[in-house]
Structures are given as C-alpha cells and as structure tokens.
Amino acid sequence: MTEEKNNGVVDERPREKQRGPVVLRRGRRDELTTTDQRLLDSRGHSDWVHTDPWRVLRIQAEFVEGFGALAEVPSAVTVFGSARTGRDHPEYQTGRELGAALANAGFATITGGGPGVMEAVNRGCSEAGGFSIGLGIELPFEQGLNPWVDLGVNFRYFFVRKTMFIKYSQAFICLPGGFGTLDELFEALTLVQTKKVTKFPVVLFGKSYWQGLYDWIKSSVLESGKVGEKDLALLHLTDDIDDAVRVVKEAHQAWADAH
C-alpha cells in the first residue's frame with residue numbers, strides 16, 4: 001500500500017506498526033492490543049510457567065540467587081550424611097562434634113540443610129560460634145531447613161545446588177549416608193579426577209561404613225584398570241575428627257599457597 005504525502009511525493013513504504021524493537025507491516029500490524037496491555041490487563045493462563053523457555057530463566061535466577069547469597073561466605077567445608085539419622089544415634093553426635101571442630105578451625109559448614117546428620121553438623125557449627133549454611137532442595141515430601149542454619153538457600157534444581165556445593169567448598173566430608181550422599185561423593189571425585197576443581201580433598205568419615213565401598217573400588221575398579229592409583233588416592237578414610245580437619249586444613253593451605 002502506498003500513500004501520498006502533503007507535498008505530493010508518493011511514499012512507497014507499506015504502513016507499519018512498531019512493537020518494541022519489532023516492526024510489523026501489512027496484515028501483521030493488525031493487533032488490537034499492546035504488549036503492556038496484555039501484561040497488565042488480565043491474569044491469563046498459567047501454562048507458560050511450565051514451558052522450557054521460562055524454566056531457563058528460572059534456572060538462571062537460581063544461579064544468580066545462589067551466587068549472590070554465597071559469594072562472601074568464608075572458607076567452607078561441605079558435609080554430607082543421611083537425613084534419616086536420629087538425634088539419639090551416635091552418628092548425630094559425631095556430626096555435632098565435626099561441625100564444632102570445623103568452626104573452631106575457621107571454616108564455615110555447608111550441608112543440605114535437612115534433618116539427621118545435616119542438622120547435627122549445622123548445630124555443632126552454630127553452637128561453636130561458626131557460620132552454618134544450609135542449601136535445601138525441593139522434594140516431593142516435606143522437609144524444610146533445620147533450625148540450626150544461619151544462612152539458607154532453597155533450590156528447585158539439583159544441578160544448581162550441586163554447583164553451589166562445589167564452588168563454595170574447600171573440601172567434602174561424607175558421613176554415612178544414602179543415594180544422595182553417594183551421588184555427591186562421586187560427582188566430587190569426577191570433578192577432581194578431571195581437574196575441573198583442584199586441591200579438593202574428599203574425606204570418607206566412618207571406616208566401618210565406607211570400607212566396603214573403598215575395598216570394592218580398589219579390588220574391582222582399580223584392578224580392572226578403570227581408574228588409576230592417583231584416583232584411588234583422592235579418597236581419605238578416617239574415624240578421627242582431628243584427622244579429617246587436618247586433611248581439610250592442609251589442602252586449604254596448599255590452595256592458598258598456590259593462589
């Protein structure tokens with residue numbers, strides 16, 4: 001379509017409408033509402049919050065929130081362990097003592113923020129005057145952050161939460177736990193083995209619990225050539241809290257010297 005201007009010059013451009021940076025011409029410009037109006041005028045359907053493009057933004061938001069919340073925390077150690085451990089169980093007391101020992105050594109503690117061993121470690125750290133951090137996860141059953149968390153961040157996505165565990169920790173200490181603990185254990189070992197993270201000790205606390213796994217890795221995985229001797233050396237087994245803290249301190253000092 002063309003139109004004649006007042007000075008008699010014919011304008012050959014089709015009529016158009018601008019929608020932000022987008023130019024709409026011909027039949028495409030026949031919109032009855034504006035973008036602002038569609039945003040503000042009605043609630044509309046909620047299906048869009050479950051679409052993949054929106055999930056990308058939500059994932060991005062979780063990374064931003066996590067980085068922002070944890071960027072200024074002191075040197076920290078992540079401790080994993082079972083959420084099913086009762087408060088009257090000896091492993092709960094071990095968790096409290098370990099959390100206190102890490103706090104006294106100058107480390108913040110990071111856990112999954114739940115009950116059981118996680119609560120015990122957060123509690124021990126908090127009672128000793130340390131910085132107790134919990135990174136929770138949305139689960140199909142009710143859990144919530146334990147009351148001993150000083151700084152808590154809840155996540156929807158496991159892979160975002162895992163990034164925070166790795167990025168803001170100097171070491172992993174694994175107390176007896178289930179699939180979640182095993183998942184984080186092997187995630188850390190893979191990242192250290194492939195040098196995605198450096199000078200990152202992984203401590204298995206509780207020889208009676210972890211010895212069978214260690215022996216299987218040594219007799220089956222190592223013997224069949226699936227890992228090397230250096231890979232097996234990434235694991236440190238102990239029953240002693242002072243020994244576990246020593247491993248963490250030495251690794252942290254080595255990292256500080258290198259930086």
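Guide: A crossing is called left-handed when the near helix is turned anticlockwise from the far one by less than a right angle, and right-handed when it is turned clockwise. Helices (H or I, at least four residues) and strands (E, at least two) are DSSP runs, numbered from the N terminus. The model is predicted, so local features need pLDDT of at least 70 and side-chain atom pairs count only at pLDDT 80 or more, while totals for chains, interfaces and linings use all residues. Residues are numbered from 1 along each chain as its sequence is written, and side-chain values use heavy atoms, with hydrogens and water left out.

In these terms, the crossing of helix 2 and helix 5 is right-handed. Helix 2 spans residues 52-70 and helix 5 spans residues 158-167; they pack at an angle of about 25° with their axes 10 Å apart. Axes are lines fitted to C-alpha atoms, for helices over the stretch in contact, and angles run from 0 to 180 degrees between N-to-C directions. Helix 2 and helix 5 are therefore roughly parallel to each other (angles under 35 degrees count as roughly parallel, over 145 as roughly antiparallel, 65 to 115 as roughly perpendicular and the rest as oblique). From helix 2, residues I59, E62, F63, G66, F67 and L70 meet F159, V160, T163, M164 and K167 of helix 5, where contact means heavy atoms within 4.5 Å. By class, this contact of helix 2 with helix 5 has 7 nonpolar, 2 polar and 2 charged residues (Ala, Val, Leu, Ile, Met, Phe, Trp, Tyr, Cys and Pro count as nonpolar, Asp, Glu, Lys and Arg as charged, and the others, Gly among them, as polar).

A second pair is formed by helix 6 (residues 179-193) and helix 7 (residues 207-222), which pack at an angle of about 40° with axes 14 Å apart. Helix 6 and helix 7 are therefore oblique to each other, and helix 6 passes helix 7 in a right-handed crossing. On the side of helix 6, T181, L182, L185 and F186 meet W210, L213 and I217 in helix 7. The contact of helix 6 with helix 7 has 6 nonpolar, 1 polar and no charged residues by class.

In soluble globular proteins, nonpolar side chains tend to be buried together. Here the largest nonpolar core has 35 residues, and L135, L185, F200 and L235 have the most contacts inside it. Helix 7 supplies the largest share of this core, 5 residues. A nonpolar core is a set of buried Ala, Val, Leu, Ile, Met, Phe, Trp, Tyr and Cys residues joined through side-chain atoms within 4.5 Å, and buried means under 20% relative accessible area, exposed over 50%, partly exposed in between (1.4 Å probe, protein chains only). Leaving aside neighbours within four places in sequence, L185 is in contact with C174, V202, L204, W210, L213 and L235. Another core lies apart, with 17 residues, among them V121, A171, I241 and V245.

Helix 9 (residues 241-258) holds A244, which is buried with a relative accessible area of 0%. Beyond neighbours within four places in sequence, A244 is in contact with I173, V203, F205 and T238.

S82 sits in the loop between strand 5 (76-80) and helix 3 (90-104) and is buried, at 16% relative accessible area.
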